[in-house]
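Here's a quick tour of one model, with a helix, a surface patch and a charged cluster as the stops. Have the viewer open as you read.

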Amino acid sequence: MTQHTDPVTLSGEPAGAVPRTVTFVGAGAIGLPMARRLAAAGFEVTAVDPSPQMRERAEGEGLFTASDLATAPMGDIIVVMVATGSQLLDAVVAATARGPLNGQTWVIGSTVGPKTAGAAAGQLAAAGAQVVDAPVLGGVPGAEQGALRILAAGSPQALDDVRAFFQPLGQVAEVGDQPGQGQAVKVVNQLCSSVHLAAAAEALSLAARLGLDPARVVPVISGSSGSSWFLEDRGPRMATPPASDEVLTRLAILAKDNALVVQEADQVGAHTPLARAAAEQYRRAAEQDLLELDDSQIIRTYLPGH
């Protein structure tokens, strides 16, 4: 289907002065709202996803769709927002099999780790593309609201070429000039995130065992020295569990990212005991089939009977 919008002016530049066509690989929970915002900003977007359900959702948003990169039109910008590093590398193989990628800018939005992003960037550069490593922070709410934090690393030319592209998606933090550096910053952030989520759950489970009402504890601790963003944001849903189908962010995402943190720490010999302690709770969550629930429900790994 076609997105019927007229090109708009971004950052004061005429619509025709910046790349206008986008091939968006991965129309999932974060990818689809990002693609939708780009289309609303005047970009011509093709959503690429192997899932018929995801393509149907994208078509419902007025986007062109394709099932794979072998058949999709190749835009000025190719965004990869997939779940795993192997899926990123598969996308690179599919694209390079079609021929040279001269004139294309690839944006690696997936969280795949520095080595995988660097390997993909090397293959893409050899085929003629320029690459921006740009994992995002903010999850589904950030994607829907255009409030993502984009950790961008690439050459000055590549970063200049995607400024207008990033504008509808959120704020850019330029963190380096080499692909892989954005991923490295994301790994550091996800160490904090995965530990803070587990710590918030541990604290509220302790409150319950002390005979306190966790729902009353959250506002007391919030804003104090013991608070964190995760306690303030996830704490209310830990205290009053949402319905099983009310999922803002799947627990599987932080479990995957925590595993990536531990893997990267091992590769560089970093001492990360807190990340490894949190990993035990994510392992328990997997054993208890909690990974498809809202990530606040990691608290169940601390509660009796779970």
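A word on burial before anything else: buried means under 20% relative accessible area, exposed means over 50%, and partly exposed is what lies in between, using a 1.4 Å probe and protein chains only. Helices (H or I, at least four residues) and strands (E, at least two) are DSSP runs, numbered from the N terminus. Keep in mind that this is a predicted model, where local features need pLDDT of at least 70, side-chain atom pairs count only at pLDDT 80 or more, and totals for chains, interfaces and linings use all residues. Residues are numbered from 1 along each chain as its sequence is written, and side-chain values use heavy atoms, leaving out hydrogens and water.

**Helix H4**

Let's start with H4, which covers residues 114–126. The expected span of a helix is 1.5 Å times one less than its number of residues. For the 13 residues of H4 that gives 18 Å, and the end C-alpha atoms are 18 Å apart, so the two agree.

Which residues of H4 are buried? They are Ala117, Ala120, Ala121 and Leu124. Looking down the axis of H4, these buried residues fall within an arc of 100° (taken from the directions from the helix axis to the C-beta atoms), so they line one face of the helix.

The face turned away from the buried side of H4 carries the exposed residues Lys115 and Ala126. After H4 comes Gly128, with a positive phi near 110°.

**A nonpolar patch**

Leu206 is partly exposed, at 49% relative accessible area. Together with Leu210 and Leu212, Leu206 makes a nonpolar surface patch of about 310 Å².

**The charged cluster**

Side chains of opposite charge can pair when their charged atoms come close. A salt bridge is a side-chain nitrogen of Lys or Arg within 4 Å of a carboxyl oxygen of Asp or Glu, and the structure holds 13 of them. Here are some that share partners:

| Pair | N to O distance |
|---|---|
| Asp233 and Arg234 | 2.7 Å |
| Asp233 and Arg237 | 3.9 Å |
| Asp294 and Arg237 | 3.1 Å |

Asp294 lies in the segment after helix H12 (273–287) and Arg237 in helix H10, so their pair ties together parts that are 57 residues apart in sequence. Both Asp294 and Arg237 are buried. Salt bridges with shared partners join Asp233, Arg234, Arg237, Asp294 and Asp295 into one network.

Within helix H10 (residues 229–239), Asp233 and Arg237 are 4 residues apart, so about one helical turn separates them. Asp233 is partly exposed at 30% relative accessible area, whereas Arg234 counts as buried at 6%.

**One last backbone detail**

Back in the segment after H12 sits Asp289. Its phi is near 55°, a positive value in a residue other than glycine. Is Asp289 buried or exposed? At 67% relative accessibility, Asp289 counts as exposed.

Key: Patches are made of residues with over 30% relative accessible area and no salt bridge: like charges are joined within 9 Å, nonpolar side chains (Val, Leu, Ile, Met, Phe, Trp, Tyr) within 5 Å. Accessible areas come from the Shrake-Rupley method with a 1.4 Å probe; for residues, only the protein chains shown count as cover.
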